[in-house]
Amino acid sequence: MPPFNPSATRSQVTGSQVQGAGGDRLTIDCLLAATTAEAQEDGADVVMGLTTQPKSLPPKYFYDDLGSDLFEQITALPEYYLTRTETAILQAYAAEIAGLVGPCELLELGSGSSTKTRYLLNAFRQAGYSLRYIPVDVSGGMLEATAQQLLIEYPSLVVHGVVGTYDAALSHPLPTSPYPRLIAFIGSTLGNLAPVECQTLLAQISATLQPGDYFLLGVDLEKDPTVLELAYNDSQGVTAAFNLNMLSHLNWRFHGNFQLHQFQHRAVYNPAASQVEIYIDSLQAQTVTLQRLNLVVNFAQDEPLLSEISRKFKLSTLSEELKAVNLPVIKVFTDKNAWFGLLLCQKA
Ligand code: TRP
């Protein structure tokens, strides 16, 4: 088994448990594939996406270490209002959320740099609640660096990171806690799932929670399409770089030969489906090989490849869906324009 190597540009770590410089305050479980056989199994979703018409790719492949860094840059772009707006909501209401939830253990899906999470951590600390934090992310490098930093900033915080997909992490056994669990899923990542997958994940989250446990969900809401399209077509081209980096990640992970300059980023709002659709268009007819997946793919000129959807929600519909999976909303927090919603739910 390879050692956990957080400094690798693209970390690929597996099954290992690390107790880092944080001593017994830090544990990291790595659930990602490392052998070719595991990678092939891992890449079944890539094969499926590239051999089905129209072509698509699963968004989790955005988040290698470079992708995670580029995403951090997206969150600071002037056009990308989402992070700023959600941050303002958290800033305003974290204390109220901590008061409602009480002492708990916080499991965060897609934790990234945990920047927004710090508002919650601060509020729990201020309330005098001890806290175990379980960040879950597919980017091992980002997770490890963030965890080390959090141990310094929060001297009594215990961190148990899980490097892996949501699926793997939610079924991964964790030490039991005397406190209720709060699962946080913010950043409108839920919107990156198709409606059916979204329902499946919500049901899965609900199934891992005990009655009385909490779920905090951050989602982007429907609004003027011009605002939406600008958020995914920034003038500095960071979003384009982030989108195309997925191909470079696949080149590395599955020994592929995508030529990045022969593809182009495109994002467009589809009002019928209430979603921004993010594409990688093939600029010419070309053939790409992914050796590790025994896959040869042909692209026609101008053929689109769907790399992401970002759904925009209506609070009433989403609340119904949450209720249907036994996660009724107990309080909705939003900004003055109602651009973004933060929903606190409690398992019934
Ligand atoms: N959850 C983010 C969103 O839907 C992810 C994201 C932001 C994204 N910008 C992107 C995904 C650009 C693909 C391309 O807003």
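In the predicted model, Arg 266 has Tyr 279 of strand E10 as its bridge partner. This pair belongs to the contact between strand E9 (residues 263-270) and E10, which run antiparallel and are joined by 8 bridges. The two strands form a hairpin with 4 residues between them. Ser 274 is found in the loop between E9 and E10, and its phi is near 50°, a positive value in a residue other than glycine. Ser 274 is partly exposed, because 18 other C-beta atoms lie within 10 Å and a residue needs 20 or more to count as buried.

On E10, pairing also extends to strand E13 (304-311), with 7 bridges joining the two strands in the antiparallel sense. Within this pairing, Val 276 stands opposite Ser 310, and Ile 278 has Glu 308 as its bridge partner. Strand E10 (residues 275-282) is mostly covered, with 6 of its 8 residues buried. The open sheet to which these strands belong has 4 strands in the order E3-E13-E10-E9, and its pairing is mixed. Strand E3 (55-56) and E9 stand at the edges with a single partner strand each, so one side of each is left without a neighbour in the sheet. The peptide bond from Gln 53 to Pro 54 is cis, and its omega is near -10°.

The domain assignment divides the protein chain into domain 1 (16-38 + 79-224 + 314-346) and domain 2 (44-64 + 228-311). Their C-alpha centres lie 27 Å apart. At the interface, 14 residues of domain 1 are in contact with 14 residues of domain 2. The side of domain 1 that touches domain 2 comprises 5 nonpolar, 6 polar and 3 charged residues.

Both domains contribute to the shell around the ligand, with at least three residues drawn from each. Of the 14 residues around the ligand, those that come nearest are Ser 188, Thr 189, Ile 278, Glu 308 and Ser 310. By class, the shell consists of 5 nonpolar, 8 polar and 1 charged residues. Helix H10 (238-254) and strand E13 each supply at least two of the shell residues, and H10 gives the most, with 3 residues.The loop between strand E7 (181-185) and helix H8 (195-208) holds Gly 191, and Ser 188 lies in the loop between E7 and H8 as well. Ser 188 has a positive phi of about 60° although it is not a glycine. With 21 C-beta neighbours inside 10 Å, Ser 188 counts as buried. Gly 191 is also buried, with 21 other C-beta atoms within 10 Å. Apart from neighbours within four places in sequence, the contacts of Gly 191 are Val 219, Asp 220, Ser 310, Arg 311, Lys 312 and Phe 313. Gly 191 and Gly 43 are separated by 148 residues in sequence and by 22 Å in space, C-alpha to C-alpha.

Burial was also examined in two further elements. In strand E4 (residues 104-109), 6 of the 6 residues are buried. In a regular strand the side chains alternate between the two faces of the sheet. Both faces of E4 are covered, with Cys 104, Leu 106 and Glu 108 buried on one side and Glu 105, Leu 107 and Leu 109 buried on the other. E4 pairs with strand E5 (residues 131-137) in the parallel sense over 6 bridges, and Glu 108 stands opposite Pro 135 in E5. In helix H3 (residues 65-75), the buried residues include Asp 65, Gly 67, Ser 68, Leu 70 and Phe 71. The cover over the buried residues of H3 includes helix H6 (140-153) and H10.

The mean pLDDT of the protein chain is 92, and 91% of its residues reach 70 or more. Over residues 1-15, pLDDT stays under 50, and the model has 38 contacts beyond four places in sequence for this segment. Where pLDDT is low, the predicted coordinates should not be read in detail.

Note on methods: Residues are numbered from 1 along each chain as its sequence is written. This is a predicted model: local features need pLDDT of at least 70, side-chain atom pairs count only at pLDDT 80 or more; totals for chains, interfaces and linings use all residues. Domain bounds come from an automatic or database domain assignment. Two residues are in contact if their C-beta atoms, placed from the backbone, lie within 7 Å. Ala, Val, Leu, Ile, Met, Phe, Trp, Tyr, Cys and Pro count as nonpolar, Asp, Glu, Lys and Arg as charged, and the others, Gly among them, as polar. A residue is near a molecule or strand if its C-beta atom, placed from the backbone, lies within 6 Å of it. A residue is buried if 20 or more other C-beta atoms lie within 10 Å of its own, exposed if 12 or fewer, and partly exposed in between; C-beta atoms are placed from the backbone. Two strands pair if DSSP finds at least two bridges between them. pLDDT is the predictor's confidence in each residue, from 0 to 100.
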